[in-house]
Amino acid sequence: MKEAKILIYDGSFNGFLTSVFKAFDERIEVADIQKNSLAQNGLFSDTETVFTEIDKAKRVWNGIQKKSSYAIKNVYFAFLSESSGIEMTLYTYIKKLFSPIDMVHLNFSDDTILKINQLAKSVGREKHRMEAFVRFQLTKDGVYFANIEPDFDILPLVSKHFRSRYADQQWLIYDVKRKYGLFYDLNTVEIIRLDLQNISTNSIKENSAFTSDEYNYQNLWNNYFKSTNIKSRINKKLHTQHVPKRYWKYLSEKKQAV
């Protein structure tokens with residue numbers, strides 16, 4: 001009987017898919033799949049570092065996609081959830097996909113299938129919220145800057161939306177929690193690593209990094225937002241359901257509410 005192994009990868013999605021390829025190709029008994037930044041040795045398991053290989057990652061991606069375009073989306077979205085133990089849950093999910101049972105990915109009575117679907121749905125909901133709630137501020141360098149603090153790692157999912165919508169201006173969306181961002185330079189979108197000490201929120205106090213015109217526009221938007229509200233029709237419970245309070249500190253129209 002083979003001894004179970006813990007596979008250690010670099011934390012990237014391609015690294016995870018490479019680990020899956022290795023497990024299948026070498027028929028490894030997998031005890032766990034862990035990011036190298038969080039790796040812990042098991043008492044009765046050997047560890048092995050898996051180096052990312054794009055060609056092997058693509059083979060796994062294409063294999064899942066052939067099984068189901070619905071399933072491949074679930075795999076990617078669920079991975080971005082960063083849920084504890086997501087790698088092994090996804091590995092189990094992928095093994096089920098390649099079982100002889102047809103349409104297994106739609107069997108929601110299976111706990112693994114159900115969990116992956118629920119996580120993917122939550123990530124998809126967060127993606128749509130970020131596309132709606134991002135508020136750019138014009139810096140003195142001519143770059144439109146926005147902070148976000150999502151529950152999940154959704155920046156890779158919103159890149160296409162913002163590149164299409166704001167194709168004529170330079171912008172930077174920075175994930176406060178994960179300390180990286182997307183920068184669009186009018187040609188391409190690049191991932192950049194930052195460790196900002198001063199996080200810009202919708203504070204009434206002005207930040208010297210942004211133009212004075214920016215705050216004039218914010219005030220106009222704020223006044224418009226308040227003037228269109230009908231007090232007798234305000235439903236705070238419904239409003240916070242659609243615009244949760246955790247987003248308010250980055251919404252310019254919520255300056256008075258934060």
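Because the model is predicted, local features need pLDDT of at least 70 and side-chain atom pairs count only at pLDDT 80 or more, while totals for chains, interfaces and linings use all residues. Residues are numbered from 1 along each chain as its sequence is written, and side-chain values use heavy atoms, with hydrogens and water left out. Helices (H or I, at least four residues) and strands (E, at least two) are DSSP runs, numbered from the N terminus.

**The three-stranded sheet**

- Three strands form an open sheet in the order β2-β1-β3 with parallel pairing, where two strands pair if DSSP finds at least two bridges between them.
- β2 (30-35) and β3 (46-49) stand at the edges with a single partner strand each, so one side of each is left without a neighbour in the sheet.
- Neighbouring strands of this sheet are turned by 25 degrees against each other on average, direction ignored.
- Strand β1 (residues 5-9) pairs with β2 in the parallel sense over five bridges, and Ile6 stands opposite Asp32 in β2.
- Helix α4 (residues 86-97) packs on this sheet and touches β1 and β2, its direction making about 130 degrees with that of β2; contact means heavy atoms within 4.5 Å, and angles run from 0 to 180 degrees between N-to-C directions, with axes being lines fitted to C-alpha atoms, for helices over the stretch in contact.

**The five-stranded sheet**

- A second open sheet has the order β4-β5-β6-β7-β8, with mixed pairing.
- Its edge strands are β4 (137-138) and β8 (189-193), each of which pairs on one side only.
- β4 and β5 pair in the antiparallel sense over two bridges, and Leu138 stands opposite Tyr144 in β5.

**The α2 and α3 helices**

- Helix α2 (residues 54-67) and helix α3 (residues 69-80) pack at an angle of about 135 degrees, with their axes 5 Å apart.
- α2 and α3 are therefore oblique to each other, since angles under 35 degrees count as roughly parallel, over 145 as roughly antiparallel, 65 to 115 as roughly perpendicular and the rest as oblique.
- Trp61, Ile64 and Gln65 in α2 meet Ser69, Ala71, Ile72, Val75 and Tyr76 in α3.
- The residues of this contact divide into six nonpolar, two polar and no charged, where Ala, Val, Leu, Ile, Met, Phe, Trp, Tyr, Cys and Pro count as nonpolar, Asp, Glu, Lys and Arg as charged, and the others, Gly among them, as polar.

**The cavity**

- The structure holds one cavity of 30 Å³ or more, a cavity being a set of points on a 1 Å grid over the protein atoms alone where a 1.4 Å probe fits but cannot get out.
- The largest cavity has a volume of about 80 Å³, a volume being the space filled by probe spheres set on the points.

Technical notes. 1 Å grid on protein atoms, 1.4 Å probe; cavity = no way out; pocket = protein on both sides within 12 Å on 5 of 7 lines; lining within 4 Å.
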